[in-house]
Amino acid sequence: MMSRIALSDAVAAALAEGRPVVALESTIISHGLPRPRNLAAARHFESLLLGSGVTPATIAVIDGVARVGLNDAQLARIAEDPGVTKVSVRDLAPAMTQRASGATTVAATALLAHRAGIRVFSTGGLGGVHRGAAQSFDESADLVALAGLPITVVSAGTKSILDVPATLERMETLSITVLGYRTSRYPGFYLADSGLGMDWRVETPAEVVEVMVAQDALDLRRAILVANPLPGEKQLDPALHDRVLADALGRAEAEGVTGKDTTPFLLAYFREHTGGASLEVNVELAANNIVLGGQIAREWARRGA
Ligand code: PSU
Ligand code: MN
């Protein structure tokens, strides 16, 4: 297995020396953010970690090679090549055998990060249960993947384009531990508060690491979701949000958008109809999660756990 996954020299050295590493997904670059902002954002995300002594490991499949840690040309390829597809867990093996290039979702990124020995992963917002899933069965593979991988994922909650209460119910069923970071209100991606509560709250990266250690002691191989809201003053205007969301869902239905195209479609709709404000919020919340992921990874490395 390992022979099919290529670690960059920087990531391999950091892991071998017990230094902190944070995994980053690439679908947010290829399908979540528009060109050319996506490449600038991808570089910015890496620089946030490098600046605090943490090694970034952006993950993607490039010409059939599953790569953990990308160089700048590979980052640019993900950002700029329209032939780069969205690769989830089930797509990994055929993408590799057919020498395809794909940006990895949260699910596929978490899998490759875990196989490489990385414990902390920062993203924007996870996939979840889509609205209307009772009919369409559209539930992101992110949830099932995280249910089976011992990795700590920092995210700004569940995208408000999804059915957030149903997503929390599924995470309970799948036994994904949810920790509110300095909040008891489950964050709503573009919004600081989804309107739903959480059972567990932590105040520090060290507390997150204690939960990781306790889960390891129980041999509980499931993800820990650290739900990290944007500060209230940085969230999208809630009235604008609610209006655009209703329109976006209507357009998706009218245009017959389904399956893996749904999330990119809704995110793009938001961008166009908020005058780019949702884009700024998306970059901001991802950066916020990357900073916290770096702090957790540093604490994890410090404990030598
Ligand atoms: N969060 C973002 N932007 C994104 C995504 C999440 O801020 O583009 C991507 C992630 O890669 C996630 C995927 O895994 O959307 C979920 O897609 P789906 O709903 O098709 O599973
Ligand atoms: Mn889906």
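Which residues come nearest to ligand 1? Of the 19 residues around this ligand, Thr-27, Gly-32, Gly-124, Gly-127 and Ser-140 come nearest, where a residue is near a molecule if its C-beta atom, placed from the backbone, lies within 6 Å of it. The elements that give two or more residues to this shell are helix H2 (27–32), helix H6 (106–116), helix H8 (141–147) and helix H12 (262–273); helices (H or I, at least four residues) and strands (E, at least two) are DSSP runs, numbered from the N terminus. H2 gives the most to the shell, with four residues.

This is a predicted model, in which local features need pLDDT of at least 70, side-chain atom pairs count only at pLDDT 80 or more, and totals for chains, interfaces and linings use all residues. Residues are numbered from 1 along each chain as its sequence is written, while chains are lettered from A and ligands numbered from 1 in the order in which they are written.

By class, the shell around ligand 1 has five nonpolar, eleven polar and three charged residues. Here Ala, Val, Leu, Ile, Met, Phe, Trp, Tyr, Cys and Pro count as nonpolar, Asp, Glu, Lys and Arg as charged, and the others, Gly among them, as polar.

**Domains**

The protein chain is assigned domain 1 (1–118) and domain 2 (120–303), with bounds from an automatic or database domain assignment. The shell around ligand 1 draws at least three residues from each of these domains. Taken over C-alpha atoms, the centres of domain 1 and domain 2 are separated by 19 Å. In domain 1, 34 residues are in contact with 33 residues of domain 2, contact meaning that the C-beta atoms of two residues, placed from the backbone, lie within 7 Å. On the side of domain 1 that touches domain 2, two or more residues come from each of strand E2 (21–24), H2, helix H3 (37–50) and H6. H6 gives the most to that side, with seven residues. The residues of that side divide into 20 nonpolar, nine polar and five charged.

**Annotated positions and a residue of H3**

An unreviewed UniProt entry places the feature "active site" at Glu-25 and Lys-159; such positions are given in the numbering used here, feature names are shortened, and annotations may be inferred rather than shown by experiment. A residue is buried if 20 or more other C-beta atoms lie within 10 Å of its own, exposed if 12 or fewer, and partly exposed in between.

| Residue | Other C-beta atoms within 10 Å | State |
|---|---|---|
| Glu-25 | 30 | buried |
| Lys-159 | 27 | buried |
| Ser-47 | 13 | partly exposed |

Glu-25 lies in the loop between E2 and H2. Not counting residues up to four places away in sequence, Glu-25 touches Ile-59, Thr-104, Thr-105, Val-106, Thr-109 and Thr-123. Lys-159 is placed in the loop between strand E8 (152–155) and helix H9 (164–173). With the same exclusion in sequence, Lys-159 touches Gly-125 and Phe-189.

**Helix H1**

The buried residues of helix H1 (residues 9–16) are Val-11, Ala-14 and Leu-15. Seen down the axis of H1, these residues fall within an arc of 95°, so they line one face of the helix; the arc is that of the directions from the helix axis to the C-beta atoms. Their cover includes strand E1 (5–7), E2, strand E3 (55–62) and strand E4 (65–68). On the other side of H1, Asp-9 and Ala-16 are exposed. Gly-18, whose phi is positive, near 70°, follows H1.
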